[in-house]
Amino acid sequence: MRLALFAAAAFAFALGLVQAAPAADDDGQWIMPAKNPQSTRFSALDQINASNVSQLKLAFSYSTGVVRGHEAATIVADNTMFVVTPYPNKVIAFDLTQPGAKVKWQFEPKPDAASQGVACCDVINRGAVYADGRVFFNTLDAQTIALDAKSGKELWRARLGNIKMGESMTMAPLVARGKVLVGNSGGEFGVRGWLAALDAASGKVLWKAYSTGPDKDVLIGPAFKPFYASDRGTDLGVKTWPPEAWKIGGGTVWGWVSYDPELDLVYYGTANPGPWNPEQRPGDNKWTSGVFARKLETGEAVWFYQFSPHDLHDYDGVNENVLVDAPWQGAPRKLLLHPDRNGHMYVMDRTTGQVLSAPPFVYTTTSTGVDLQTGALTYNPAKQPRAGETVRSICPASPGAKDWQPSAWSPRTHLLYIPHQNLCQDASTGEVSYIAGTPYVGADVKMYAGPGGHRGWFTAWDPAAGKPAWQIAETFPVWSGALVTAGDVVFYGTMDGWLKAVDAKSGKLLWQYQGVSGIIGQPVSYRGPDGKQYIAVLAGVGGWAGAVVAGDMDVRDGTGALGFANAMKDLKLATKKGGMLYVFSLEGGAR
Amino acid sequence: MTRWRRLVSSVLALALGSATLHAAEPSAQPEALRVCADPDNLPFSREDGSGFENRIAQLLAQDLGRPLVYEWLPDRRGFVRKTLGAQLCDVIIGVPAGFERTATTRPYYRSSYVLVERGSAPPVRTWDDPNLARLRIGVQLIGNDLAASPPGYVLASHGQVTNVRGYPLAGEQPAAQRAIAAIERGEIDAAMLWGPQAGYFARRAAEPLRLQALPAPKDAAAPPLEYSIAMGVRRGDKQLREVLDDFIRRRQADIDGILAEYAVPRVAGVAP
């Protein structure tokens with residue numbers, strides 16, 4: 001063993017590899033959806049590689065018994081796998097030491113049924129997180145729950161929001177140094193966004209940072225040093241709104257949270273402003289559609305940058321922030337990579353909040369670029385939605401160039417693997433509509449494929465070059481997460497049910513497997529108790545993109561699912577509802 | 001259902017042949033009238049039957065001689081799909097005429113968004129009235145992307161945003177109730193609310209409130225402020241729609257009586 005290590009080191013040295021050998025520090029577990037607090041989704045396991053992945057076979061599978069959109073990552077720790085289902089948010093633990101991975105325990109949190117009517121885009125959940133013998137997850141009715149990982153016994157639950165006010169929770173928590181970081185969903189209902197840090201031991205709220213309102217609520221104090229002048233000033237979370245509009249201003253925190261243990265900073269994005277129409281909320285609407293860096297201990301804001309000031313197109317800023325140490329223009333730099341809904345691929349200095357580059361990564365008509373001097377997004381006024389008029393070719397469409405589906409970074413290829421969509425939309429004044437007994441005329445939004453006629457992309461983005469290394473056009477939006485491994489294989493799922501393995505360097509398709517339902521979950525990789533590498537993913541179509549199938553929607557009404565139905569009419573023919581866990585290995589073994 | 005009418009329908013069924021005879025046997029229970037409704041959305045409906053749509057449903061069921069049953073679901077996104085669409089019920093008592101998610105009957109009332117103010121305040125006559133610009137005005141917030149409530153849109157298009165306060169439809173009580181409570185507390189001066197909700201909650205206010213519909217704004221892009229309300233059935237359910245149309249034609253006066261009891265502001269006119 002020592003000899004082998006020495007040989008490997010010598011080999012690495014001979015090749016001039018300067019990166020830390022990643023295989024050495026992967027414990028084989030997958031304890032949080034993004035694999036690590038830096039959110040790279042990189043597995044250093046390499047038994048499965050580009051030359052043998054074609055041999056991948058089903059090791060075991062399990063039906064979750066829920067047939068809504070399964071967006072969660074499976075979590076693996078202590079030889080146990082943990083799965084959170086969509087509403088009713090069952091948690092299922094599998095004993096990986098048993099053949100076929102027997103169910104060890106199951107926990108039913110029994111969320112309020114009314115929360116289903118509050119969820120904006122299917123009743124999804126993005127997964128649990130494991131830390132120090134505990135499993136933490138959120139429920140649709142806005143509770144954070146801690147379970148004992150061994151027994152499935154409930155340790156505590158914290159009710160953090162009121163579903164009657166439209167507040168729900170769908171995101172996966174992040175645990176860092178004894179703090180559980182969670183945020184809310186529901187901006188379209190007039191919910192005010194926040195990120196909260198709970199004590200992992202008790203569930204007690206240690207701090208809560210709002211995304212709108214006075215500095216004291218946003219936890220902005222002397223430590224706050226935003227890079228751009230537009231983010232400096234007192235109480236901008238109040239002053240950049242009409243009076244009191246900030247109180248119900250959105251900026252929810254329903255996406256991903258990252259953490260840099262060295263800088264001791266937490267990074268997360270805020271959602272779009274709501275529920276006001278743009279003309280009703282003049283101003284930048286801070287601190288919506290942007291990214292915060294905060295101190296973990298106190299929640300104090302350190303910097304903020306706004307991707308889409310005064311958002312016009314539903315461009316939430318909640319996409320993942322991938323923390324990467326890599327050379328930038330010749331010098332090592334602490335980077336933050338963020339593919340935003342607004343169509344720009346942001347490379348930022350994560351210590352200061354400076355935007356280093358922000359080229360578009362899809363066809364974009366709503367803006368013409370990002371001014372690196374001021375940090376401002378330059379909007380195209382011709383694509384601003386206007387009542388009484390039809391505005392065509394709004395690109396990207398409301399779900400953005402990329403929605404929640406998280407990308408993966410390989411320190412071996414220095415590429416960011418981005419699952420995303422290629423959608424545009426037309427917006428016009430719609431028919432008379434009705435909600436809670438109140439009539440109104442809604443916007444009639446119809447989404448459709450962007451240039452090329454396909455609705456999805458899987459892009460390997462080279463941040464240094466500011467362009468794709470390679471791209472795969474997919475028929476449907478790629479609504480699953482991405483996984484990249486030290487075997488230089490990239491995994492992602494498609495809405496028509498394929499789990500695909502492609503070459504990390506070239507994008508060449510190496511292997512694929514079709515499940516019973518479309519895949520919008522997050523593939524993960526772990527080392528089993530048998531020492532073998534496994535790939536796991538949940539199948540179960542749904543989410544905003546898949547609501548036409550999961551919600552049994554009538555696709556004759558293209559404006560359904562806020563206009564997404566129009567772009568997804570053929571999904572019903574391509575897949576069906578489901579809820580399945582699939583686990584693969586080179587040996588297989590499933591009967 | 002009178003005995004006489006049942007007899008007529010039996011005879012009719014007999015004449016039509018054996019297939020329908022079975023359904024019309026005297027022992028068969030009349031089919032229930034299945035209504036889709038929000039369990040907590042006054043003044044429209046409530047689980048205890050206290051809303052005016054509950055009263056209209058009751059009148060309808062009595063008129064048809066059918067037992068009344070409800071499928072309760074909060075009227076949120078997906079309401080039509082999850083109730084009517086899922087075949088759990090057959091009629092929604094109130095939807096806007098021409099509502100595209102259902103087939104709609106003839107309208108049985110027409111109302112308007114109205115300005116609710118203290119009775120003591122100088123009345124505002126038009127959207128351009130300088131007094132309007134000085135008022136702190138509450139509006140309902142729809143909560144769908146790019147779907148302002150009609151008065152919210154008109155206020156914004158008249159440059160009025162700084163004095164506007166929003167009341168999201170999601171909340172512990174109806175948005176209109178919260179807005180009227182805010183007038184009573186002096187937090188806002190007025191509110192522009194959908195007529196039936198304005199009428200009902202204004203009548204319960206401690207001090208007299210004045211309701212009035214402002215004339216339509218000149219802005220061509222402005223959304224309508226008046227809406228005709230009909231009953232909704234599944235698209236293609238022509239048979240039930242005809243039964244309901246007939247009921248509305250015959251019992252309009254009784255429906256009017258119920259609406260008056262709930263102080264629903266009415267306007268004349270046709271469906272938008």
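Q: How many residues of chain A are in contact with chain B, and how many of chain B with chain A?
A: This is a predicted model, with an ipTM of 0.87 and a pTM of 0.91. Counted from each side, the contact between the two chains takes in 41 residues of chain A and 47 residues of chain B.

Q: Which element gives the largest share of the side of chain A that touches chain B?
A: Two elements of chain A give two or more residues to this side: strand E28 (423–435) and strand E29 (438–449). By class, the residues of this side are 24 nonpolar, 11 polar and six charged. The largest share, six residues, is that of E29(A).

Q: Are helices H7 and H8 of chain B parallel, perpendicular or oblique to each other?
A: The helices are H7(B), residues 175–184, and H8(B), residues 195–203, and their axes come within 9 Å. The axes cross at roughly 45°. Angles under 35 degrees count as roughly parallel and 65 to 115 as roughly perpendicular, so H7(B) and H8(B) are oblique.

Q: How many charged residues does the contact of H7(B) with H8(B) have?
A: H7(B) contributes Ala176(B), Gln177(B) and Ile180(B), while H8(B) contributes Gln197(B), Ala198(B), Phe201(B) and Ala202(B). Five of these residues are nonpolar and two are polar. The number of charged residues is therefore none.

Q: Over which residues of chain B does pLDDT stay under 50?
A: Chain B has a mean pLDDT of 88, and 87% of its residues reach 70 or more. One stretch of chain B stays under 50, and the model has 10 contacts beyond four places in sequence for it. That stretch is residues 1–25 of chain B.

Methods:
Residues numbered from 1 in each chain as written. Chains lettered and ligands numbered in written order. Predicted model: local features only at pLDDT ≥ 70, side-chain atom pairs only at ≥ 80, totals over all residues. Contact = placed C-beta atoms within 7 Å. Helix = DSSP H or I, 4+ residues; strand = E, 2+ residues; numbered from the N terminus. pLDDT = per-residue confidence, 0-100. Axes fitted to C-alpha atoms, helices over the stretch in contact; angles between N-to-C directions. Parallel < 35°, antiparallel > 145°, perpendicular 65-115°, else oblique.
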